[in-house]
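I opened the notebook to write down what I looked up, starting with the aromatic rings and ending with the metal site.

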Amino acid sequence: MDQSERYYQYLERLTREMVSPEQIRVETVYEDLRELCKMLRVSKGVTAFYSSLSHERRGQGDVYIPYDNGSETDKALTIRSDLEGVLVGQCTVYHAKGDEPWTEDELIRIDTIQRMMLNFVSRDRMKMMIRKATLYDDAGFSNIRLFTHTVEKIGNEQCLKYFCAARIDLKHFSLINQQLGRDVCNKVMKEYIRQLEEATGEGGIVSRLGGDNFVMLFRKNHLDQVVKLLEGSPVHFGEMNDGRVMISARAGILVIPDDYYYHDFGDLMDRIINAYNASKGGGRGDIVFSNEKMLEQKEQAMRIKQIFPVALQNDEILVFYQPKISVSTKSIVGAEALSRWYNNGKLVMPNAFIPVLEQSMDICKLDFYVLDHVCRDIRRWLDEGKPVVRISVNLSRRHLIDLDLQDHILSIVDNYRIPHHLIEIELTETTSDVEFKDLKRIVTGLQEAGIYTSVDDFGVGYSSLNLIREIPWNILKVDRNFLPSNGDNAQDRFNVMFRHVVKMAKEMGLICVAEGVETREQVEILRKNGCDIAQGFYYDKPLPVREFEKRLEQNTYPDKD
Ligand code: C2E
Ligand code: MG
Ligand code: MG
């Protein structure tokens, strides 16, 4: 075989190898290049790759030398490619000193090989860069795409049963950020995630969703190790690694069941997000394991969201009224409107659907619906000459961002020509400053319009004295958990606090209502402490409208004393 034939043979093999869609066999490529270099009397071939022009200037790049016969060189031929300044490739071949100059033919062939090499390397690098840009974030953490890809790969082989999946966020990270500064904080996060990655086992992955939020997949037999890190692990930082901070995480973990059939990435994510939300909601600790009950609840919640608009349209939601009784006169002085949902002949209580509706603005639709029904009932009572008392309606905190809330309320109330003093709006306390301002704006506005306002559930959660000092409420509704149950013991902390809260409220001109009054003893406590109004099962449960109307007609509770 003559030289030319051999040249074409290697060239062909090289081309085939380089365009192959499968993994390129670098060894074969190098072997061909070595043969071609020898044939074309190239003493050394160098391919370099830089990821920017400045890297090229500084000589910081990846360099490949497939062939070098060690001769002294006297001439070099370089070709260069530059893709928008981000992908810079160079291919240089050297001529051995004292050797015959390259012929025209050889120069053409050398040029062809050089171009092929650049093409090949650029394509390979481009693939790596695309992978980096699409599957990793700027800080170098793998992202949700790589996580999805990993889960799907293992899932499609139905091997997820060997794994656990988790959604986590690092605790107090913004505080650490403030205290240690951004750079240190980034290093600390990297180190902590590295520890977690190390704990995941073969095939595991830790990917960043954004900020300090991550998702993980790890081998079941590594669960203890991972949980230990999530509970808290010391991370060193500083020049000499002399600083130390304890990092822990909140997490929702799914131990993937042995019979889990993988069909959909979303399903897996839903389960870990549910568990994670439960860990955030408090009460169940920082690390929550997903279970079947949670899934059922989630499905139930989805069902509620779906059927709620239809329920509103079909008037499936009924308004019940729970009387508020004057402790001294034993007569009804008001009532609270509470929702009840009749779904397929079954009564659904608010705790089953209100929290779901509160996840979106659907709760506002419900509240306006209830207000509308209340106004409709009051209008009818007024028209029929029946006794009428002030009715309170619960408004979710979700309304606070509605700048036109007052107009919305008044438009419904005025549409039925209801005297404003017959309507009371119950709002619960807030947790943030922003909400506090909104609350103040809304209560003040309603007050000016002559609508009554009350603080609901006072005494639990985040009650602050500011809430009653700064906001002009009419009524304070003391939560039933705050109510003393044992009236005899004057030393009881509950008694002391209850007595002083009632006294304070009254001196500030607020009406005090005790919620959840269940026993005669409690009524006595109210009377002794000057709390005028009671709402609770002792007198009545929330009643359907017709029954409530009957109670209003009788309007006394003789058997209760
Ligand atoms: P809430 O506003 O604090 O209403 C009082 C709750 O205490 C009612 O529960 C009532 O039935 C219950 N209750 C009254 N007396 C007693 C008692 O003596 N003992 C006990 N154990 N409980 C008593 P309900 O009707 O289940 O409502 C629960 C919560 O759901 C309400 O608490 C309120 O926050 C919310 N809610 C109900 N309807 C609506 C609505 O239309 N809109 C909004 N935003 N929330 C609503
Ligand atoms: Mg209420
Ligand atoms: Mg309440």
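I looked up Tyr8 first: at 49% relative accessibility it counts as partly exposed, because exposed would need over 50%. The model is predicted. Tyr7 is buried, with a relative accessible area of 2%.

I then checked the aromatic pairs and got a count of nine. In one of them, the ring centres of Tyr7 and Tyr8 are 5.0 Å apart and the planes stand at 70 degrees, so I noted the pair as edge-to-face. In another, Tyr321 and Phe548 have ring centres 5.1 Å apart and planes at 15 degrees, so that pair is stacked. This pair links distant parts of the chain, 227 residues apart: Tyr321 is in strand β13 and Phe548 is in helix α18. Tyr321 is buried at 0% relative accessible area, and Phe548 is buried at 0% as well. I also found a cluster of Phe308, Trp341 and Phe353, linked by ring pairs.

Next I looked for charges over rings. Arg109 lies over the face of Tyr7, 4.3 Å from the ring centre. Over the ring of Tyr276 I found the charged end of Arg167, 3.9 Å from the centre.

Which protein residues are donors of the magnesium ion (ligand 2)? I listed Glu336, Asn394, Glu426 and Asp456, at 2.1 to 2.2 Å from the ion. Of these, Glu336 is in strand β14 and Glu426 is in strand β17, 90 residues apart. Both Glu336 and Glu426 are buried. Last, I noted that the magnesium ion (ligand 3) is 3.8 Å from the magnesium ion (ligand 2), and that Asp456 coordinates both.

Note on methods. Residues numbered from 1 in each chain as written. Chains lettered and ligands numbered in written order. Predicted model: local features only at pLDDT ≥ 70, side-chain atom pairs only at ≥ 80, totals over all residues. Heavy atoms only, no water. Donors = N, O, S within 2.8 Å, 3.2 Å for Na, K, Ca; no water. Helix = DSSP H or I, 4+ residues; strand = E, 2+ residues; numbered from the N terminus. Buried < 20%, exposed > 50% of the residue type's maximum accessible area, 1.4 Å probe, protein only. Phe/Tyr/Trp six-rings, centres within 6.5 Å; stacked < 30°, edge-to-face > 60°. Lys NZ or Arg CZ within 6 Å of the ring centre and 35° of its normal.
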